[in-house]
Amino acid sequence: QGYAFILKDFFKELEQTNKRFKPLFDAVLVDEGQDLVFEDRFKVEGKQPFYWLAYQALRPAKLAAEAQALFVEAAQETTTAKQRRLIWAYDEAQSLDSLVVPSYKEVFGEEISKTMLSGGVSYAGNIAKHEVMERCYRTPETILLAAHAIGMGLLRPQGLLSALTTKQDWQKLGYEVEGDFRKLGSTIKLNRPKKNSPNPMSKVYGKGVLTFLPYKTRQDEVDVVASLIESDLAEGLNPCRDLLVISLGNHHEAKALQEWLAKSLKVKGISFYFPGMPEANVLSCDRYKKLPNQFWYKDAVTISPIHQAKGNEADVVYILGFDHIARREADIPSRNQVFVALTRSRGFAHLSGIGSFPLFEEMELVIRAGTELEFCFSKGTRQVTDDEF
């Protein structure tokens, strides 16, 4: 939000001084695009500030000679001048702060979005206007299905929290689907075929790639996780990059979990690293000494809150504090924390928490489902449609 405030002030200053800035780039590619979409109060003339900045920083797209021949001169002036090579990738399920989906209209406002949406599904030169990626190479299919199921609340007793609303939408995410989405209460069957999840770990280890264990006390939880990490290291895994620990919850909850596990690892003589610290085995430091872009440290196990874990991955991921999510299980961004945490894994994911909650039972049902899951289609808190992709 701080960045959004700065951008809004920037555009206001441009307007007041009647200035424009010169386009700098032929193409801009944006990753994690869901994190750069802000609430309506931050918009600039109906446009998302970051994307509007990126759009104006782009030179108009130059069409190939054969493509230009398809346009009359007048059309070139009105249409191609507004076309820019701005490509953004996003996963709504990974949004930890906002549930806004960056559609054309949401990002660029009414006028420019009409230009982008006109003329079918492709630009000149047969360039698709959007792609939905159905294949996941990183995460084993059982973990990925569990991440989607928990994130959307597919097996939630009170009904879905958010969900795709058509068979085609699910297929675009790589699932085989049976069921009638036209009727509320109908049974929907999902299957994750191997072709869309080439990671071999589920085939080798079966359902054992994803585990969930509840504990009575926090000390029990961190002591067991520390022992599991000790076993992993004894088997030859590298503490840096092979292993990753993620703490769930808000800032204070996640930080407490980090420190609790760090103490248990220290007792076992295992080095730990908090992202951004100047070195390993440091719990805190002066903010001017922090290294905000550093996530890993040689010979140390990274223990990270969820926001810093985004964009990273490891063979074995330990996820602490599931009870923090269970206490507010109806909150979609909180569930999205679990989605992000699970999908950091390229091999195994171990989830844990303390106490007893309905979400724990939901998680156990999801794990037992493996690669095939059935849920009752209902009207969720928030429905997601293909129009938003």
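This is a predicted model: local features need pLDDT of at least 70, side-chain atom pairs count only at pLDDT 80 or more; totals for chains, interfaces and linings use all residues.
Which residue lies over the face of Tyr175? Arg192 lies over the face of the Tyr175 ring, at 4.8 Å from the ring centre.

**The open sheet**

Next, select strands S6, S7 and S14, which form an open sheet in the order S6-S7-S14. The pairing in this sheet is antiparallel. Strand S6 (176-178) and strand S14 (372-376) stand at the edges; each has a single partner strand, so one side of each is left without a neighbour in the sheet. From one strand to the next, the twist averages 20°.

**The cysteines**

Cys376 counts as partly exposed because its relative accessibility is 44%. Cys240, by contrast, has a relative accessibility of 14%, so it counts as buried. A disulfide is a covalent bond between the sulfur atoms of two cysteines. A search of the whole structure finds zero disulfides.

**Aromatic pairs**

The tour now turns to the aromatic rings, which form 18 pairs in the structure. Select Trp170 and Phe375 to see a tilted pair, with 6.2 Å from centre to centre and 50° between the planes. This pair links distant parts of the chain: Trp170 belongs to helix H7 (residues 167-172) and Phe375 to strand S14, 205 residues apart. Both Trp170 and Phe375 are buried.

Move on to Phe212 and Phe322. Why is this pair edge-to-face? The ring centres of Phe212 and Phe322 are 5.5 Å apart and their planes stand at 75°; planes over 60 degrees apart count as edge-to-face, so the pair falls in that class. Distant parts of the chain are again linked, since Phe212 is in strand S8 (residues 210-215) and Phe322 is in helix H12 (residues 322-326), 110 residues apart. Phe212 counts as buried at 8% relative accessibility, and Phe322 is buried with a relative accessible area of 0%.

**A cluster and another charge over a ring**

Select Tyr3, Phe50, Tyr51 and Trp88 together; these residues form one aromatic cluster. Finally, display Lys47 and Trp52. Lys47 lies over the face of Trp52, at 4.7 Å from the ring centre.

Terms used: Residues are numbered from 1 along each chain as its sequence is written. Side-chain values use heavy atoms; hydrogens and water are left out. Two strands pair if DSSP finds at least two bridges between them. Helices (H or I, at least four residues) and strands (E, at least two) are DSSP runs, numbered from the N terminus. Axes are lines fitted to C-alpha atoms, for helices over the stretch in contact, and angles run from 0 to 180 degrees between N-to-C directions. A disulfide is a pair of cysteine sulfur atoms within 2.5 Å. Buried means under 20% relative accessible area, exposed over 50%, partly exposed in between (1.4 Å probe, protein chains only). Rings of Phe, Tyr and Trp (its six-membered ring) pair if their centres lie within 6.5 Å; planes under 30 degrees apart count as stacked, over 60 as edge-to-face and the rest as tilted. A charge sits over a ring if NZ of Lys or CZ of Arg is within 6 Å of the ring centre and within 35 degrees of the ring normal.
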